[in-house]
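This report walks through one structure, part by part. Please look over the sequence and the model before reading on.

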Amino acid sequence: MANAAIHCAGAPLLAKALAMSKLNELMARGTELLGSDYAILCGAMSWVSERHLVSAISNAGGFGVIACGAMTPELLDAEIAATRTLTKRGFGVNLITMHPQLFDLIAVCTSHGVGHVVLAGGLPPKGSLEAIKASGAKVICFTPTLALGKKLVRSGVDALVIEGMEAGGHIGPVSTSVLAQEILPELAGEVPIFVAGGIGRGEAIAGYLEMGASGVQLGTRFVCATESIAHPAFKKAFIRASARDAIASVQIDPRLPVIPVRALKNAGTEAFTAKQREVANLLDAGTVDMPAAQLEIEHYWAGALRRAVIDGDVENGSLMAGQSVGMVTGEESVAEIIASLARQAEAALQTRG
Ligand SMILES: Cc1cc2nc3c(=O)[nH]c(=O)nc-3n(C[C@H](O)[C@H](O)[C@H](O)COP(=O)(O)O)c2cc1C
């Protein structure tokens, strides 16, 4: 009788322990690849993912990634060195494939012995995968389709990120849930795959892990971390916003290409629509030629993310944010965010038995 009572009292604890070990098991390939406690990457966010946030993420057991963005090799060199002073744990560097000095940036990563390089923004140029792998670093690439994913696996990438259109920043046209269903069953057996876009809670993490993902990548959820240097006004805009405020930019004229970006709507997004209309009218009137018109659209948002993140201009700057912004309800430390994601994932796994 006494034993039965002890047994019953211990049952919830046992179930919780099993759920924790299940989470570890599901994340094992991801944590092994990253060398972190949780297979939770904080996706690189230009201006936001600098030394403070990156080190805080890695110190809390996740995996931080420096956003190189348009940095020069000298600036990247300084950022990596400064991040190293703040964490003993591993972190990655995200490089944009069309950066004119991509190979110099890879050399900077090599000189610091960076363990993981994430290539974003398109197909890796010839020789770039080889240059990264020659340094001993792991290379992680984004794939927007199954076909490209297969090609990248054949080229020797160590892991893939699949990112749906719910994400903040530059996006593709397909949702996270569809990409996960198309790509995980085919490629999860080949390389670890991290799912990104629209993840705000641990239940979703558990779901993607159960579908075969080795981990996840979140961006929006970490913007308002206490350790994030984003301007208070930028954080306030996130905390106030709901999912439907994070909208994808719209192209209004087929002659003037717009790369879709998901961001919170503000005066800047409205002015962008007006600008496209104005430039299209000038084209019709023959006042500007096509290259000049396209350049004007392309350059419209230049410097706009910095204006919002660093200067706090939330009216005219770019408030890149994903649809999970509605689940950002306050400022919390990175450790609290990661702990609650893990708790939610474990609870979901426990409920599902
Ligand atoms: C403010 C902001 C800036 C971003 N900048 C970059 C970037 O410079 N490079 C990149 O590869 N992804 C960038 N992203 C995408 C994130 O790395 C991450 O993949 C994405 O936020 C995940 O989706 P989520 O926002 O739904 O969590 C950015 C996202 C946000 C919200």
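## Helix H9

In helix H9 (residues 232-240), the buried residues are Phe234, Lys235, Ala237 and Phe238. Viewed down the axis of H9, these buried residues fall within an arc of 155 degrees, so they line one face of the helix. The arc is that of the directions from the helix axis to the C-beta atoms. Strand E11 (261-264) and H12 are included in what covers the buried residues of H9.

The model is a predicted one: local features need pLDDT of at least 70, side-chain atom pairs count only at pLDDT 80 or more, and totals for chains, interfaces and linings use all residues. Residues are numbered from 1 along each chain as its sequence is written. Helices (H or I, at least four residues) and strands (E, at least two) are DSSP runs, numbered from the N terminus. A residue is buried if 20 or more other C-beta atoms lie within 10 Å of its own, exposed if 12 or fewer, and partly exposed in between, with C-beta atoms placed from the backbone. Two residues are in contact if their C-beta atoms, placed from the backbone, lie within 7 Å.

## Helix H10

Helix H10 covers residues 267-285, and its 19 residues should span 27 Å at 1.5 Å a residue; the end C-alpha atoms are 27 Å apart, which agrees. The expected span is 1.5 Å times one less than the number of residues in the helix. Gly268, Phe272, Gln276 and Val279 are the buried residues of H10. They fall within an arc of 95 degrees seen down the axis of H10, so they line one face of the helix. An α-helix has 3.6 residues a turn, so residues three or four places apart point the same way.

The buried residues of H10 pack against helix H11 (290-298) and helix H12 (304-309). On the face of H10 turned away from the buried side are the exposed residues Ala267, Glu270, Ala274, Glu278, Asn281, Asp284 and Ala285. Just after H10, Gly286 has a positive phi of about 75 degrees.

## Two domains

The domain assignment, which is automatic or from a database, gives the protein chain domain 1 (8-229 + 329-351) and domain 2 (242-320). Their centres, taken over C-alpha atoms, are separated by 28 Å. In domain 1, 9 residues are in contact with 11 residues of domain 2. The side of domain 1 that touches domain 2 has 5 nonpolar, 4 polar and no charged residues. Here Ala, Val, Leu, Ile, Met, Phe, Trp, Tyr, Cys and Pro count as nonpolar, Asp, Glu, Lys and Arg as charged, and the others, Gly among them, as polar.

## Around the ligand

How many residues surround the ligand? There are 27, and the closest are Gly43, Gly168, Gly169, Gly219 and Gly322. A residue is near a molecule if its C-beta atom, placed from the backbone, lies within 6 Å of it. By class, the shell around the ligand divides into 11 nonpolar, 13 polar and 3 charged residues.

## Residues in loops

Ala39 sits in the loop between helix H1 (2-34) and strand E1 (40-42). With 27 other C-beta atoms within 10 Å, Ala39 is buried. Not counting residues up to four places away in sequence, Ala39 touches Met27, Gly30, Thr31, Leu34, Ser214 and Gly215. Ala39 and Gln217 are 178 residues apart in sequence, yet 8.4 Å apart in space, C-alpha to C-alpha.

Trp47 lies in the loop between E1 and helix H2 (51-59). Its phi is near 75 degrees, a positive value in a residue other than glycine. Most residues other than glycine have a negative phi, and most peptide bonds are trans. Trp47 counts as partly exposed, with 18 C-beta neighbours inside 10 Å.

Glu331 is in the loop between H12 and helix H13 (334-351). With 17 C-beta neighbours inside 10 Å, Glu331 is partly exposed.

## Residues in helices
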